[in-house]
Amino acid sequence: MAQAEKEAAGSFGLWLAGLSQKELAGLLAERPETMAAPEPLTLGELAERLSGAHGVLVALATCDLPSLQLAEALAALGGTAATADVEELLDAERGDFENVRNGLSRRGLVWPEGDLLHLAEALRQWPLGNGPLGLGPPSAVVLPLLRADDLRRIVRGLGVEALGKRKAELLDAALAGLGDADRVRRVVAAAPQRERRQLEKVARDGHIDGHEGIYLFGREGPYTWALERGLLVQPDWLGPVMPAEVAMALRGPSYRAPFMPSAPSVGTDKVPESVVAAEFAAMSACAVEEMSVVLRSCASQPPARLKTGGVGVRELRRMAKRTGGSEDAARLWFELAVAEGLLDWRDGALVPAAEGDEPPAAERLASMLRTWVRMPRLPLLEDPEQGRGAPLHPRGHDPAAPRLRAAVLQSLADLPPGHGADGPGQLVAAVTWRRPLLFEDAELAPPYLKAVWQEAELLGVLARGALTPTGLALADVNSPTSLDAAAADALQAACDEVLLQADLTAVVPGPPSPRLAALLDSAADRESRGTASVWRFSPASVRRALDAGRSAGGLRADLLAAGTDLPQPLAYLIDDVARRHGEVTVTALACAVCCSRPALLVEILAHRGLRRLGLRELAPTVLASAEPVDETLDALREAGYLPVGTGGGPPVIERAAPRPSRRRKRPAPSAGRSRPSTPIDLAARLHGTSLGVPAGTDDVAAGLAELAPHLSASERRILAHAVETGTAICIDYVNGEATRPPA
């Protein structure tokens, strides 16, 4: 690590120590990866985790465009620069500059030290593009790679005096010459016209064209004049580079780096609040209702998993038909149910993960929305060539999806009241401003924005291009209500009354509440949806309700509570079906016991030791057993009989059970783990601690210190904790170069 970087690392720890407990808690909330077990014990260990390359790049991916522009400008100035110089380079207003700088400080990417600003070490070698602001490496990085003869030629070409003939003295003179912006501009002004234009183009564009001849044909190339004066440097067989000082000098003192502190505007249309409120209530109730249908359907008839993974088209269409919604909606409900832990794959089928009572509708809606915001998948994303993949396919994982949804919600939250965005295409500029690292090119954004837009509409988060109360709560803006309260309000606006008619139909004049929809779906068949929903009662539908455990009296009471009156034809239908319900019973039998001697079967039926089989007489020579064949055979043999198992034909040949596997089981993780701390709790423990990093004292830590001395004390402590607890960790392998931030 260079001396400047060591000093910056030390100042970072001192800056952390100067934060208040509240500021430290905010930093931990912005960088949750630093709170992973084992939690840091000191501020020094926290500083080491905050400086990790992977965490820094993940935090950078959450920044907006002006934050990236400020960090890039600071990197172009060497990673440490005076605040006034950075502000001047960006030509930023003081208020805008401080807001952006404070946002980077809250993530631990930039911190002040007096009049200086420091950039995180992982960002000093700018990981985006060819270099910060399109600049090449500093001359202090590339000139030491040249030979003494090359340095002597550069010193002579720049017209500077060296204090001696040794390489170190020549290097100092060359660095001083290239660091003098006025000298560089004078040298270039005296260049031949072709070379001058080439250098000005390289300084402006940040890349060099037509350089192949330089390293293929020696010094006889189009940039020979610039190479001899250090305006371009070619330290190896790769292409030449322009030192950052040269490019900045040629751009001139009036050059300003791009800085866009305000978000671009979004095309909007006026939307009546009454329309938004109506669609908000209808779509929210519909989302809860259809999710409930999906869960019940998976419990009764689980969808099978494709060999390639996911749910097939046939199962998707079947579920859409059951819910009465679209295939896109069914696709989203599948994904949300699995992400929320309500459904899980078991033996090749998608079944409920656990049994239990269905939560209240408002609680279900709020849980769905929280899961949607953080779900790392985009189920409605459509590939222009291949279309949409199978729901729940393993390849559908997209870790950038939560950041994309957050950017869309924030962009919509900034719209003026009473206005909605005129389609997802209007959000491209605003979303890419808030999360510029989501897409390499803005032209790639429209399909992703369309997918999030459709998801938000299906969940009632978005209506006519405007955020609903639940959308405002998810966007984390100054919403008058919390998400739970907004979800409850949405479902209270749904219709909870039904008009029961003499033609055995039930009409709900508006979006039905989830409770009312569940009641009518259990006892009637839905015929239509829309502004008004219609159900029709029939003997089969009433029988279905009785099969589910409802009684005739309970069904009549529930319908009376939801409607104004119970028509006589409907009352007769319920009573008639209830009277005939259960006249014929069907009992499941595990196996049958047959014997040609009725007296022997009478003896077996009366045997006390065989009561656990639940034997019943079907005929003088046939008994029914409630237990499977194997258990029935074992019980009869224990009682002293000599039965033979048959498979409906010849006797069944019994084979010995396979020997149990001796494969060693993986040790289970420790069950005595404490619950993870909140940012406030951890900040309270860390505030005021030392800047040192505690070293482990147990045998595992000592062994890691011997086997992996290249790891820091904090890294060895994390690895030792994983070994001791049996937990999995992710190890990033790097080649010493800056890596691209995650999408």
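Author: A residue is called buried when its relative accessible area is under 20%, exposed when over 50%, and partly exposed in between, with a 1.4 Å probe and protein chains only. The model is predicted: local features need pLDDT of at least 70, side-chain atom pairs count only at pLDDT 80 or more, and totals for chains, interfaces and linings use all residues. Residues are numbered from 1 along each chain as its sequence is written, and side-chain values use heavy atoms, with hydrogens and water left out.

Aromatic rings of Phe, Tyr and Trp (its six-membered ring) pair if their centres lie within 6.5 Å; planes under 30 degrees apart count as stacked, over 60 as edge-to-face and the rest as tilted. Three such pairs are found in the whole structure. In one of them, the centres of the Phe12 and Trp111 rings are 4.6 Å apart and the planes stand at 50°, so this pair is tilted. The two residues come from distant parts of the chain, 99 residues apart: Phe12 sits in helix α1 (residues 3–17), Trp111 in strand β2. Ring pairs also bring in Trp15, which forms a cluster with Phe12 and Trp111.

Helices (H or I, at least four residues) and strands (E, at least two) are DSSP runs, numbered from the N terminus. Two strands pair if DSSP finds at least two bridges between them. Strand β2 belongs to an open sheet of three strands, in the order β1-β3-β2 with antiparallel pairing. Its edge strands, β1 (80–82) and β2 (110–113), each pair on one side only. Directions are axes, lines fitted to C-alpha atoms (for helices over the stretch in contact), and angles run from 0 to 180 degrees between N-to-C directions. On average, neighbouring strands of the sheet are turned by 25° against each other, direction ignored.

Between β2 and strand β3 (residues 116–119), which run antiparallel, there are four bridges.

Helix α5 lies across β1, β2 and β3 and runs at about 100° to β3. Helix α7 (residues 94–106) packs on the sheet and touches β2 and β3, its direction making about 110° with that of β2. The expected span of a helix is 1.5 Å times one less than its number of residues. With 13 residues, α7 reaches 18 Å from its first C-alpha to its last, close to the 18 Å expected. Its buried residues are Phe97, Val100, Arg101, Gly103, Leu104 and Ser105. After α7 comes Gly108, with a positive phi near 75°.

A nonpolar core is a set of buried Ala, Val, Leu, Ile, Met, Phe, Trp, Tyr and Cys residues joined through side-chain atoms within 4.5 Å. The largest such core has 85 residues, and Leu16, Leu24, Leu90, Leu143, Leu231 and Leu232 touch the most other members. Helix α5 (residues 65–76) supplies the largest share of this core, seven residues. A second, separate core of 64 residues includes Val311, Leu365, Ala401 and Ala413.

Key. Contact means heavy atoms within 4.5 Å.
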